[in-house]
Amino acid sequence: MSPQRLLSLAALAVLALAPLVVSEFSVTLLNYIGLASLVAIGCSLLTGVGGLTSFGQAAFVGLGAYTTAVLTTQFGWSPWLTLPAGLALTTAVAMLLAVITLRLSGHFLPVGTIAWGISLYYLFANVDGLGGQTGITGVPPLQIGEHVVNTGREFYYLVWIFVVLALVAMRNLLDSRPGRAIRALRGGVMMAESCGVDTQHYRAVIFLVSALLACLSGWLYAHLIRFVNPSPFSINLSIEYLFMAVIGGASHVWGAVVGATVLTVLKQWLQDILPRLIHASGNFETIVFGLLMVLLLQRARTGIMPFLSRFLPLEQPVAVPDLEPSKVEPEATLASRPKPAAGEPLLEVRQAVRRFGGLVAVNRISFEMRAGEILGLIGPNGAGKSTMFNLITGVLAPSAGEVWLRGERVDHLRSRQIAQRGVARTFQHVQLRPGMSVIENVAIGAHLRASGGVMGAALRLDRAAERSMLREARVQLERVGLGAELLAPAGSLPLGSQRILEVARALAADPMLLLLDEPAAGLRYQEKRALADLLVRLRGEGVSILLVEHDMDFVMNLVDRLVVMQFGEQIATGLPHEIQANPAVIEAYLGGVE
Ligand code: ADP
Ligand code: MG
């Protein structure tokens, strides 16, 4: 049995036995911790993993609580029907808010969430039939069959079963195709979109999942307290939930529970001790929380979990699939796309222009590429090469001109759509998820070659597809020479190897056109040789390669043709020996030294 499994079982045993040995008061506290954990798990997914900040989660808790309070007291519904009703209402509200707010970027998103968090809060306080500030009393207890759940100890088991299920589902989700897409959201969407990930979709998904967990917590809360009023659903509470996720740290799903425990216990303790210290009553714990939050963000942004994982085996490494033919299940190979025949027209750039304000970074560049060709794009720094890559891959739209891919005009498409058409790339400034393992980073590249959504992943119905994706990632990593680093965090590799990791990630997409932006920078001589051999082999397999590279020996021995740029202009196009003898190119590179 793995140490992680042992630890999980031990935690489960402690959870199961706790209410039998602790006081009634502690059971109540544990119930609150469980309820808060459900919301914090959602915050952890949303903020910690996905990088989206919401100050409105308490409003979703309120939605769950008020839905069941109204439907049970005024319409006589059974609580087991109000739960799906609350989840459905939350889905509708969350999707509406997602359409409005998730388009916002930067600090506009948190501000947007504050706005609707406050709106929902005032809705609870002011809509007729919701009881105003006094709220709704007489919410019935939950009933399981004939049995009424009316002691704290019984409720404890109900709450914590939901918490454990949420944790398991979350761990399953993060360790899957949609999970890797979600983990790729953080730190900019350019890389994820270039791998074909629909980042807008996954942002909406994690927003919805976190809202549903909050709604579930609200439903449980209403039936524990048996009455609802607006105050527990205010923005203060939203901030506390966010704080719990931050304290726990995003790297582990358990973190949310740790954060919820620390904050709930601390709050209880401060509420007890502060009025006695200050000799006045009031919500002084809020001030202490504020100070703690500032301290935490300054000193320990990653939360408590990285610290705990030094002592406890929290990290479950990815199961690396076998490559031995006898051990590979037949379904474990991803289908590969048919490549265009050698010599077929593949890419055509016509008079492409890109301006940044007054700067013309790319000025009327035209070239074409045929299938099975390696085309070099060279020029001094600032010539516009990377911008040209961005125009081809849909990261940027051209200010004028056209880009055609196999007879289809693609310059108006988004980068995810270009990826779908078989174009993969690497970035001059490496774009990977440093905390994720090497093999998982590469598996993001295979995103479009498998399917499978969030539900299937949470329920672990996706294992065959998962094996195929990880196997493909491993195959590509072995191929580029990183087979010994599969489980290392990608950020721990030397920069040169990180670039090679990006090549493997691009190859995992099974591209017909591969764009490499300075792949050999930072490589040693032998590593460059190996990379050149790999590119030649890829060309032999029908992959076309557009290559930006400064090492002229590397370029000249490899490419079929060259395009040379300088200050956005195309100064030469031709075969390597023609380019080497071209006076304009010599001038550009040597700057008139002779
Ligand atoms: P290269 O890759 O050939 O070194 P780039 O394409 O990165 O050149 O840059 C070409 C020019 O465009 C440079 O002057 C650079 O500063 C400018 N540039 C590139 N991207 C942007 C951007 N997003 N906004 C403004 N200027 C940019
Ligand atoms: Mg560049």
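The legends below describe close-up views of a predicted model. Local features require pLDDT of at least 70 and side-chain atom pairs count only at pLDDT 80 or more, while totals for chains, interfaces and linings use all residues; side-chain values use heavy atoms, with hydrogens and water left out. Residues are numbered from 1 along each chain as its sequence is written, chains are lettered from A and ligands are numbered from 1 in the order in which they are written.

**View 1. Packing of helix α1 against helix α6.** The axes of α1 (residues 3–21) and α6 (residues 152–174) come within 9 Å and cross at roughly 165°. Helices are DSSP runs of H or I with at least four residues, strands are runs of E with at least two, and both are numbered from the N terminus. Axes are lines fitted to C-alpha atoms, for helices over the stretch in contact, and angles run from 0 to 180 degrees between N-to-C directions. The crossing angle makes α1 roughly antiparallel to α6 (over 145 degrees). L12, L15, A16, A18, P19 and L20 of α1 make the contact with R153, Y156, Y157, W160 and V164 of α6 (heavy atoms within 4.5 Å). These residues comprise 10 nonpolar, no polar and one charged; Ala, Val, Leu, Ile, Met, Phe, Trp, Tyr, Cys and Pro count as nonpolar, Asp, Glu, Lys and Arg as charged, and the others, Gly among them, as polar.

**View 2. Packing of helix α11 against helix α12.** Helices α11 (residues 254–278) and α12 (residues 285–299) pack at about 135°, with their axes 9 Å apart. From α11, L263, L266, K267, L270, Q271 and L274 meet E285, V288, F289 and L292 of α12. This contact divides into seven nonpolar, one polar and two charged residues.

**View 3. The magnesium ion (ligand 2).** S386 (OG) and Q428 (OE1) coordinate the ion at 2.0 to 2.1 Å; donors are N, O and S atoms within 2.8 Å of the metal (3.2 Å for Na, K and Ca), and sites may look incomplete because water is not among the atoms. S386 lies in helix α14 (residues 385–392) and Q428 in the loop between β8 (423–425) and α16 (438–445), 42 residues apart.

**View 4. Positive phi at F567.** Although not a glycine, F567 has a positive phi of about 45°. F567 is located in the loop between β11 (561–566) and β12 (569–574). Its relative accessible area of 66% makes F567 exposed (over 50%, with a 1.4 Å probe and protein chains only).

How values were computed
Parallel < 35°, antiparallel > 145°, perpendicular 65-115°, else oblique. Buried < 20%, exposed > 50% of the residue type's maximum accessible area, 1.4 Å probe, protein only.
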